[in-house]
Amino acid sequence: MSSTRRDVDHALAYPEPPASPLWHRHGAKARPLTDAQKRRNRELLDIAQRTTRPRAPRPTKSLAEAS
């Protein structure tokens, strides 16, 4: 299938803007976690996965009745 001028996507006709400099880290690398921090993170993750979050109560009236 041959393309014509009308088939060209005009969004692709312009170059992409340059990437944000915030996406690149040129500073010092992050310190590795200590064993105590790793243990604390595992404990918090375990607690978060075991507990259920309370659900928001559902309205008792339908949208049609509320108006």
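The following legends describe views of a predicted model of a protein chain.

**Figure 1. Overall secondary structure and surface of the protein chain.** The chain contains two helices and zero strands. Of its 67 residues, 0% are buried. The chain exposes about 7,900 Å², and carbon and sulfur atoms account for 57% of that area.

**Figure 2. The salt bridge between Arg50 and Asp46.** The partners are Arg50 and Asp46, whose closest N and O atoms lie 3.0 Å apart. In general, side chains of opposite charge can pair when their charged atoms come close.

**Figure 3. Placement of the pair within helix α1.** Helix α1 spans residues 35–50 and holds both Arg50 and Asp46. The two residues are four positions apart in the helix, which corresponds to about one turn.

**Figure 4. Accessibility of the two partners.** Arg50 has a relative accessible area of 64% and is classed as exposed, because this value is over 50%. Asp46 has a relative accessible area of 34%. Asp46 is therefore partly exposed, as its value falls between the 20% and 50% limits.

Conventions: Residues numbered from 1 in each chain as written. Predicted model: local features only at pLDDT ≥ 70, side-chain atom pairs only at ≥ 80, totals over all residues. Heavy atoms only, no water. Salt bridge = Lys/Arg side-chain N within 4 Å of Asp/Glu carboxyl O. Buried < 20%, exposed > 50% of the residue type's maximum accessible area, 1.4 Å probe, protein only. Areas by Shrake-Rupley, 256 points an atom, 1.4 Å probe, with all protein chains shown as cover.
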